[in-house]
Structure formats: structure tokens, C-alpha cells
Amino acid sequence: MNIKPLADRILVKPIEEQEVKKGGIIIPDTAKEKPMEGEVTEVGTGRITEDGKKISLEVKKGDRVLYGKYSGTEVSIDGEEFLIMRESDIFAIINK
């Protein structure tokens, strides 16, 4: 994959929640919640202010992040699902 997001955009690979079956009930994919956690796979160069200064991004490649349920734009690259979103759509970096 050779994709480089522009400006303050980032490429995130959503992390699916582990399927937990309680009492033998299987929840179909259509009824599952959208993931809100993912791994940053690529980052842009940073935001440019009106006076021409570049503000670098706080997130970096490999960070695990928490984002809004309906944030970003879904894209399919080489058969894999990703989200392209602005850094401002990220709520937190998860440290484990």
C-alpha cells in the first residue's frame, strides 16, 4: 500500500471488537456496533495555518486511537477497510 494522507488527515485501520457469545446467541454483522477504536497506519504532514506556519500532528503511525462512531470516510484499499479522517476527529490516544 502506498498512500499518504494530505495535511492533517490520517489513515486509520478500525479494530473490530472481539465477538462475545453469551448463552449461545450469535449477533449478525448487520446488528453489530461500528468500531470506535483503530490503529493509525499513515499520517499527513500537518496543518498549515493562515500565516503559513505548519502545525505537526500529535498522533503518529502505530498509535491506537479512539474516535467518534461516525467519524471519517470509509475507503477500501487492496481489499482492506480503512477510515480517512482529520486529526480533530480523534478523541484520545490509547496507551497500553
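The model is predicted, so local features are given only at pLDDT of at least 70 and side-chain atom pairs only at pLDDT 80 or more, while totals for chains, interfaces and linings use all residues. Residues are numbered from 1 along each chain as its sequence is written, and side-chain values use heavy atoms, with hydrogens and water left out.

## The chain as a whole

The chain has eight strands and zero helices. Both kinds of element are DSSP runs numbered from the N terminus: helices are H or I runs of at least four residues, and strands are E runs of at least two. Read from the N terminus, the order of elements is β-β-β-β-β-β-β-β.

The chain has 96 residues, and 28% of them count as buried. Here, buried means under 20% relative accessible area, exposed means over 50%, and partly exposed lies in between, with a 1.4 Å probe and protein chains only. The chain exposes about 7100 Å², of which carbon and sulfur atoms supply 50%. Such areas come from the Shrake-Rupley method with a 1.4 Å probe, and for residues only the protein chains shown count as cover.

A contact means heavy atoms within 4.5 Å. Among contacts between residues at least 6 apart in sequence, 67% join residues at least 24 apart.

## The nonpolar core

A nonpolar core is a set of buried Ala, Val, Leu, Ile, Met, Phe, Trp, Tyr and Cys residues joined through side-chain atoms within 4.5 Å. The largest one in this structure has 11 residues: I10, V12, V40, V43, L57, V59, V65, Y67, L83, M85 and I90. At least two residues of this core come from each of the strands β1 (9–14), β2 (37–43), β5 (64–67) and β7 (80–86).

V59 is one of the core residues. Leaving out residues up to four places away in sequence, V59 touches I10, V43, V65, E87, I90 and I93.

T41 belongs to strand β2. T41 is buried, at a relative accessible area of 17%. With residues up to four places away in sequence again left out, T41 is in contact with L11, V12, K13, K61 and F82.

K13 lies over the face of F82, at 5.3 Å from the ring centre. A charge sits over a ring if NZ of Lys or CZ of Arg is within 6 Å of the ring centre and within 35 degrees of the ring normal.

## Salt bridges

Side chains of opposite charge can pair when their charged atoms come close. A salt bridge is a side-chain nitrogen of Lys or Arg within 4 Å of a carboxyl oxygen of Asp or Glu. The whole structure contains five salt bridges. The table gives the N to O distance for R86 with D8, R64 with E37 and K61 with E42.

| Pair | N to O distance |
|---|---|
| R86 and D8 | 2.6 Å |
| R64 and E37 | 2.4 Å |
| K61 and E42 | 3.2 Å |

R86 and D8 form a salt bridge at 2.6 Å. This pair links distant parts of the chain, as R86 is in strand β7 and D8 in the segment before β1, 78 residues apart. R86 is partly exposed at 35% relative accessibility, whereas D8 is buried at 9%.

In the salt bridge of R64 and E37, the closest N and O atoms are 2.4 Å apart. This pair joins strand β5, which holds R64, to strand β2, which holds E37, across 27 residues of the chain. Both partners are partly exposed, R64 at 28% relative accessibility and E37 at 22%.

For K61 and E42, the closest N and O atoms are 3.2 Å apart. K61 is exposed at 54% relative accessibility, but E42 is buried at 18%.

## Loops and backbone angles

S56 is in the loop between β4 (54–55) and β5. S56 is exposed, with a relative accessible area of 55%. The C-alpha atoms of S56 and G44 are 8.8 Å apart, and the two residues are 12 residues apart along the chain.

Most residues other than glycine have a negative phi. A7, which is not a glycine, has a positive phi of about 50°. A7 is in the segment before β1 and is partly exposed, at 31% relative accessible area. D78 is also not a glycine and has a positive phi of about 50°. D78 is in the loop between β6 (73–77) and β7 and counts as exposed at 67% relative accessibility.
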